[in-house]
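Please walk through the model below with the chains side by side, beginning with a pair of packed helices and ending with the backbone geometry of a few loops.

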Amino acid sequence: MARNLLELTVNGRLRTDAVADNTLLLDYLRDRAGLTGTKQGCDGGECGACTVLIDGEPRLSCITLAASCAGRQVETIEALAVAGRMSRLQQAFHDKLGTQCGFCTPGMIMAAEALLRRNPHPGEGEIREALSGNLCRCTGYVKIVESVLAAAGA
Amino acid sequence: MTQVAERNVLRESAGEARARSPDGAVGRPTPLIDGIEKVTGRAQYTADLPFAEVLVGRILRSPCAHGLIRHVDTAAARAIPGVRAVITGEDFAAPYGVIPIAQNEWPLARGKVRYRGEPVAAVAAVDEASAEAALAAIRLDIEPLPAYFSAAEARAPDALPLHDNKAGNIEREVDQAFGDLDAGFAAADLVREQTFHYAEVTHGQIELNAAVAVYEPERDRLTSHSVTQVPYYLHLTLARCLGMDSSRIRVVKPFVGGGFGHRVEPLNFEMVTAALARAAGGTVKTELSREDGFLTHRGRPETDIRLKLGLKKTGEITAVDCEIVQRGGAYGGYGLVTILYAGALLHALYKVPAVKYRGYRVYTNTPPCGAMRGHGAVDARHAFESLLDIMAGELGIDAFALRRANLLTPPYRTINDLQVNSCGLPSCLDWVEQASGWNTRHGRLPRGRGLGLACSHYVSGSAKPVHWSGEPHAVINLKLDFDGAITVLTGASDIGQGSSTLLAQVVAEVLSLSLERIRVVAGDSALTPKDNGSYSSRVSFMVGNAALHAAQEMKRVLVRAAAKRLEASVDDIQWDGEQCRVAGTDRVLGFVDVVEQALAETGTLTVKGSWSAPPETQGGKFRGAAVGSTAGFSYAAQVVEVAVDEDTGAVAVERVWVAHDCGFAINPLAVEGQVQGAVWMGMGQALSEETAYHEGLSLRANMLDYRIPTAVESPPIEVKIVESHDPLGPFGAKEASEGALHGFAPALANAIYDAIGIRLTELPASPDRVLEAIQARRRKERLRASMAAPARADRGGG
């Protein structure tokens, strides 16, 4: 498989890596950039655990080629806490038990982050809609929705 | 007395009045102590662990559902550059199985394959491409045998046995009778019998399975990092299957992304990864796919139930006669426990004078079933609560009144010898009745909307451990050293349920200290005491009690040290955590000084606490009596509100009110989260989840075709915590993670009946099934109308 130099911004840092054409963004983030906060929960596009932001839009990194992100801004869960302060969503998911096992949490928070950037005060229905591509098996979503509402109100 | 005030006077089994922990450690909603790692992405799950020089492990699966393995040719695979190990079933020393008397599974099939997708061979290679090439190069020579995909096919007289020692493919037959059944039915005013059918469902934890095994050839030592709920079982099984002394093995549990029973049994890939690491003399990481998870399975079996109940006009149950058949899949696993649970918990929720139960666990050529949240009792609960509802309708008794007519009062011994020491079900019923507006809304909502009620219960840990060694059922070590920090060492696996947080709360409460002084180290066999693991909702009750005892022992040591330094008697020391004082004086000593004094005497403090379920809670003497026995039953009642679209058969759950008796909520935040999660998982099974196979080939081995509800389909779930203060539970606590699951499906079925007058006796209530039932009723109505029409014409003519 051919390798090409990929230049992109990950969590605010410009990176240049030689990347095979078929490398998935998920594998690039986890294996090359060492950002294991982004999770794989399925065989491709089923569960949302790998959700990251590409130029601010929520995207499934497990069905996105790394090469397609050339020149773009990628944000992962690791980018949200700034200078030791958790983001409003992270704080709310922690305080309100929006996370149990935690495995869907990074993708869930990134999907919610995209929602709040586009709609800072969503209603419950809008939150459920925006998170409908992210499966959680622990919470029944009740406390996830409460967490997003709390973050939006904060 | 308010609930909070009540909490302040309760507590600790000794019941002593004392200072509370400054953050009110127990009884206060407490975020998870490992929650920050989870929300920041810093939590490391098995697949996230960094290792150098890691080989890629891959597993080859059987394309055949049932067959004799003639030969597995690995020569070509071994010759591929980069391949470091190729193994087959011949590379293992012994078969395994979670139940010591049913160990009939090899990590890689040996002699025979028994389901499509069963692991047959495995490779370790320097990269994925070489590993995949090696798998493709392995030649399997398998002679197909007739295969059986339903319990009925497998039980047919001419069916070949999957396992030589199990004629008729019956893994376990249960035949239990309690009380005088004939007299019970004779005393009934109404007797009804009904059959039910349940699709197979699976756990669907979001973390994919993974294992990393590190083998040190120079020392013949193995370290296994895995997704397990029970590191102890895995440890025993690694030793057994690899033929290694258990002292050479270390099992580490990293963060685990959910379990729900999938990971209670040691799973084939864990032993395979370890064997690959040994064969390759290095480190192997095996990451499995979502499809692999469906093939590894161990979920809730496809089940058929025939249930007959006798009721008096007043609603009292007089007799229960039930037969349950479970399609168990290809191997033993937890199977015999599942079929026993189904019978034990079927009727023990209520006061029942006579029971007959027959259960059949059947081997079939499908992936093995096992323990899944609500183990064994979920389908049985649906049947029981549905038939109660049917009969309540016939007798003209309200659903709540019927349940209330059968409540037991603790202390109570059920007819199958289960001990009940606390029961908050009456309060649960009262709350959901009021909160749901039952009395003004049930039977009165517009067509297409309905309310349904069901009750449920569950064990707070199995009172008899699977591996009966005579040891205490739970052990906790506490360490306190020069740094003034208390480390809780526990083998209990936090798999997201919050067990580490709960243990820290218990210790903080007893020592009247802040949670900030306490850290928890969990799940590393080199450091932490053995624990029987996270299953059967045992940790809060059993390990919570061990933590309570350990903390009390630590307190005794510290109080003695304080008394010595303050030159006072132990009885005069007033313990307030960060400071203690000689009662009635101003002579005080800070915590750090107390610790210094205690360490001066003995060095690093390590104390232990342990707990075992009392003998009277361990069940009766009959065969299988241990299953279902527990030191504390949780109770729950729930009302579900549905909207049914009669044109499409779609069922929407609008709202759920659930009251759960967890004895005492050590962490009310986690209790709510667990109860919501349990109810919701019940909803998935009730509405949309089912596996499917074509001649043993899994047809829905992904998260799109296996329909786990999304946020959009999931309702608000309102939780009421009921606290019955169990006499044996730590601070009165019982389980909160499973008991509310069982009630959802029957409450839904009862709500659908209230909405459209149709009784579903099959799960899931998927749109196709609901629509089929609606159409069947329309056909029946048309037929009745067409038969009635000529009769009316005749009368008109006469």
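Is the crossing of H7(B) and H8(B) left-handed or right-handed? The crossing of H7(B) and H8(B) is right-handed, where a crossing counts as left-handed if the near helix is turned anticlockwise from the far one by less than a right angle, and as right-handed if clockwise. The contact behind this crossing is made by B:Leu234, B:Thr237, B:Leu238, B:Cys241 and B:Leu242 of H7(B) together with B:Glu270, B:Met271, B:Ala274, B:Ala275 and B:Arg278 of H8(B), two residues being in contact if their C-beta atoms, placed from the backbone, lie within 7 Å. By class, the contact of H7(B) with H8(B) has seven nonpolar, one polar and two charged residues; Ala, Val, Leu, Ile, Met, Phe, Trp, Tyr, Cys and Pro count as nonpolar, Asp, Glu, Lys and Arg as charged, and the others, Gly among them, as polar.

This is a predicted model, in which local features need pLDDT of at least 70 and side-chain atom pairs count only at pLDDT 80 or more, whereas totals for chains, interfaces and linings use all residues. Residues are numbered from 1 along each chain as its sequence is written, while chains are lettered from A and ligands numbered from 1 in the order in which they are written.

Two packed helices are described by the angle between their axes and the distance between the axes. For helix H7 (residues 231-242) and helix H8 (residues 268-280) of chain B, the axes come within 10 Å and cross at roughly 50 degrees; axes are lines fitted to C-alpha atoms, for helices over the stretch in contact, and angles run from 0 to 180 degrees between N-to-C directions. H7(B) and H8(B) are therefore oblique to each other, given that angles under 35 degrees count as roughly parallel, over 145 as roughly antiparallel, 65 to 115 as roughly perpendicular and the rest as oblique. Helices (H or I, at least four residues) and strands (E, at least two) are DSSP runs, numbered from the N terminus.

B:Gly484 is placed in the loop between strand S19 (474-480) and strand S20 (486-490) of chain B. Leaving aside neighbours within four places in sequence, B:Gly484 is in contact with B:Arg517, B:Phe591, B:Val592 and B:Val595. The C-alpha atoms of B:Gly484 and B:Phe591 are separated by 8.0 Å, although the two residues are 107 residues apart along the chain. B:Gly484 is partly exposed, because 15 other C-beta atoms lie within 10 Å; a residue is buried if 20 or more other C-beta atoms lie within 10 Å of its own, exposed if 12 or fewer, and partly exposed in between, with C-beta atoms placed from the backbone.

Chain A is itself divided into domain 1 (3-79) and domain 2 (88-153), the bounds coming from an automatic or database domain assignment. The centres of the two domains of chain A, taken over C-alpha atoms, are separated by 21 Å, and 15 residues of domain 1 are in contact with 13 residues of domain 2.

Most residues other than glycine have a negative phi, and most peptide bonds are trans. A cis peptide bond joins B:Pro410 and B:Pro411, with omega about -5 degrees, and B:Pro411 lies in the loop between helix H12 (399-404) and strand S16 (412-413). B:Glu695 has a positive phi of about 45 degrees although it is not a glycine, and with 9 C-beta neighbours inside 10 Å, B:Glu695 counts as exposed.
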